[in-house]
Amino acid sequence: MANAREEILGRIREALKVTAPKPHFKSESHGATHSINAKPWLPDGGETESARLELLSENLAKLKANLIRVPNAAAANQALAQISQTKNWKKVAYHSHPLVSPAAEALPCEKWEVGASLDKQKLEGCDAGVTSCEALVSQLGSILVSSESSGGRSLSILPHVHVVIATTDQVVADLETCFKQVLEKHRSKLPSMLSFITGPSRTGDIERILVLGAHGPKELYVILIG
Amino acid sequence: MSNAKDIFLKEATTASADGPQRIFINKALGGYYANRDIQKARYRDWEKARDAASLAKWTAVNDLANTLETFVKKFEGNGGKVHWARDAAEARNIILKLIADAKAKAVVKSKCMTTEEIHLNDALEKAGYSVVESDLGEFIQQLRGEAPYHFVFPCMHVKREEISALFTKHLGTAPTNSPEELTMIARRHLRQLYVDADVGITGANFLIAETGQISITENEGNARLTAALPRVHIALSGIEKVVKNLDDLSVLLPMLATAGAGQPMTCYNTLYSGPQQPGECDGPKEFHLVLLDNARTQLLADPEQRDALHCIRCGACLNVCPIFKNIGGLAYGTTYQGPIGSVITPHLRGLEQWNHLSGASSLCGACTDACPVRIDLHHHLLHNRRNANQASPNLFDRLFHRGFNFVISRPRLFAFGGRVFRFTLPVLKKIPLPYLSAWLKTRDLPPAPAQSFREQWKESNHG
Ligand code: SF4
């Protein structure tokens, strides 16, 4: 049997012998500008830190995510306890992280630190997952989690509520900057999953009417320190 | 006359005569238009963003062999395995074998049009596996035993009462008219299935050559669960999905969301670069990617329409298309509906059988204006018409155009012909003539004026 890979690549090379003209545009120069506000035609991400924080909170609100701003770690722990109380959590899963562990350990309910391996059946029975994140993108209101920063792949998606604890210096202006940082930080090896979470899980499949909590978390909280 | 064409004509005629259904579809799209405009307004220059998006895809597609090879090397370096499939049958066989090797019983799928293209579900069910579609819209369509209506909004034509009845019948749940409750029924039903499934099958929206990652865009979280819980993850992707780097993705991801669903970003945009890594607590043990050609290289070989491979399947061209809005998605009889489907289906499945779709267009160009990657959709419909005519010339068309050419280049003959035509029109209306009688079936022909335009022009002092 002929090798499918060679055959397909062969077909591609043959097809590309005839060139297609490069698209020409009225507007010129799309090269990266490398300013803090790169790609100045995409949605704005904010030039200054305060502008970025303002945009982030605006975007998260529109996405129906809950942002709680706190001055320090102690206040973050309190904020988490508060949510846990109002929601009457029985069982919470979290992953080990300097921002997350102290807050989760102080909760007055059953706690489970996701360790080297994860029991998916057990996780399914948890009310909430508490994680840290890689970055927050003010331009879009997105939160970047990874299999490294957020306790694997399932902790941030299977429980009904997802709480992210982060600091204001993790806020970046736009997607482009965020990718650059990720590549820099994980230069030797990328986490096997990187996921931009933009609001709680949603669907519009029934008559295009928005419903939150299709399969992933129905509620998303961001506790932002600083 | 081809079979696909007859079915199309019949289905399209029935669907377009269904007034209430057309109103329902237009209402469903109303919210999309509003949100899309709000999000587009957040771009500092949407047109420049379109330029950049189209350039990103052009660059990758016109260097496809190298881009793919770079991608595959990186992907395999990360611990995934790549399988190449020349056509649908080969792709199905590869996937069936992977599932058999994994000794799997239950398979869970997240939304992926490419699996529709290769008719994977039929093959899996024939082989005895239980397959469940986890995207809510796809789940509903699977229960209905119907193909997706729209490749982004699969069940946008179904009313909540019908969904409620469907769930009562198949899942035994109490009837409800609330979209929220209906969604929760599906959520509860599918949850345990994820946990129990051995194999998860997903698509891919982008393949990133720079890093060897695959990127999956979704709103519900079902793809994330599908790629997290089962022990084997199989992704299926067309070869044209590859882009050069993450920087290109930083343009394409927001644009896909805005053009396709009026969102700033789709809820989950996830990059996967391998199976579970040492030190990670979960994830699949195996990660396979099936790269599908299935006639994409034929489209690639046509430089005039090569840009149709730039498509990021956002669905914007369907949402603005007057034809789609009137005949709906099922009438097309294709995996990819709407303008992009009419452009590419003749390449993927045969010009002779499928060129009629290119005729079903008002050539208004709304699709081309909507396309975030600037595919010249409505001109490609014309290109398909021309190609079809060149491949098998229509004798009537040829004679008609020759005759027309002859007459119109002779002013006196033209004037005389016009007079004859005006005079005989009442009679012509009644005889079944090709094209004319089909046109008149649903339209009134106004009575002919007494004078031709040229005569009127002369009389009104202009002459
Ligand atoms: S052709 Fe353009 S508008 Fe249509 S689905 Fe593809 S990318 Fe979207």
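A salt bridge is a side-chain nitrogen of Lys or Arg within 4 Å of a carboxyl oxygen of Asp or Glu. By that rule, 9 salt bridges cross the interface of chain B and chain A. The whole structure, over all chains, holds 36.

This is a predicted model, in which local features need pLDDT of at least 70 and side-chain atom pairs count only at pLDDT 80 or more, while totals for chains, interfaces and linings use all residues. Residues are numbered from 1 along each chain as its sequence is written, chains are lettered from A and ligands numbered from 1 in the order in which they are written, and side-chain values use heavy atoms, with hydrogens and water left out.

How far can the model be trusted? Here pLDDT is the predictor's confidence in each residue, from 0 to 100. Chain B has a mean pLDDT of 94, and 99% of its residues reach 70 or more. For chain A the mean is 92, and 94% of the residues reach 70 or more. Residues 30–35 of chain A have pLDDT below 50, and this stretch has 10 contacts in the model beyond near neighbours in sequence. Contact means heavy atoms within 4.5 Å. Where pLDDT is low, the predicted coordinates should not be read in detail. The model scores ipTM 0.95 and pTM 0.93.

Now look at where the chains meet. On one side are 100 residues of chain B; they are in contact with 86 residues of chain A. The two chains bury about 8,100 Å² between them, 60% of it on carbon and sulfur atoms. Buried area is the accessible area (1.4 Å probe) that two parts lose on being put together, summed over both. In chain B, Arg44(B), Arg86(B) and Arg187(B) lose the most area to chain A, together 10% of what that side buries.

Pick out two of the salt bridges. Arg191(B) pairs with Glu124(A), and their closest N and O atoms are 2.7 Å apart. Arg5(A) and Glu69(B) meet in another, at 3.3 Å from N to O. Arg5(A) lies in helix α1 (residues 4–15) of chain A and Glu69(B) in helix α4 (residues 64–77) of chain B, so this pair joins two chains. Helices (H or I, at least four residues) and strands (E, at least two) are DSSP runs, numbered from the N terminus.

Next, follow the strands. An open sheet of 8 strands runs in the order β8(A)-β5(A)-β6(A)-β9(A)-β9(B)-β6(B)-β5(B)-β8(B), with mixed pairing. Its edge strands are β8 (171–172) of chain A and β8 (242–243) of chain B, and each pairs on one side only. Two strands pair if DSSP finds at least two bridges between them. Strand β9 (residues 193–197) of chain A and strand β9 (residues 268–272) of chain B run antiparallel, joined by 5 bridges. Find Ile197(A): its bridge partner in β9(B) is Tyr268(B). Within chain A, 3 bridges join β5 (residues 135–137) to β6 (residues 142–146), and these strands also run antiparallel. There, Val137(A) has Ser142(A) as its bridge partner in β6(A).

Finish with two loops. Asn88(A) is not a glycine, yet has a positive phi of about 60°. Asn88(A) sits in the loop between α3 (73–87) and β2 (91–95) of chain A. Ala295(B), also not a glycine, has a positive phi of about 75°. Ala295(B) belongs to the loop between β10 (286–292) and α13 (296–300) of chain B.
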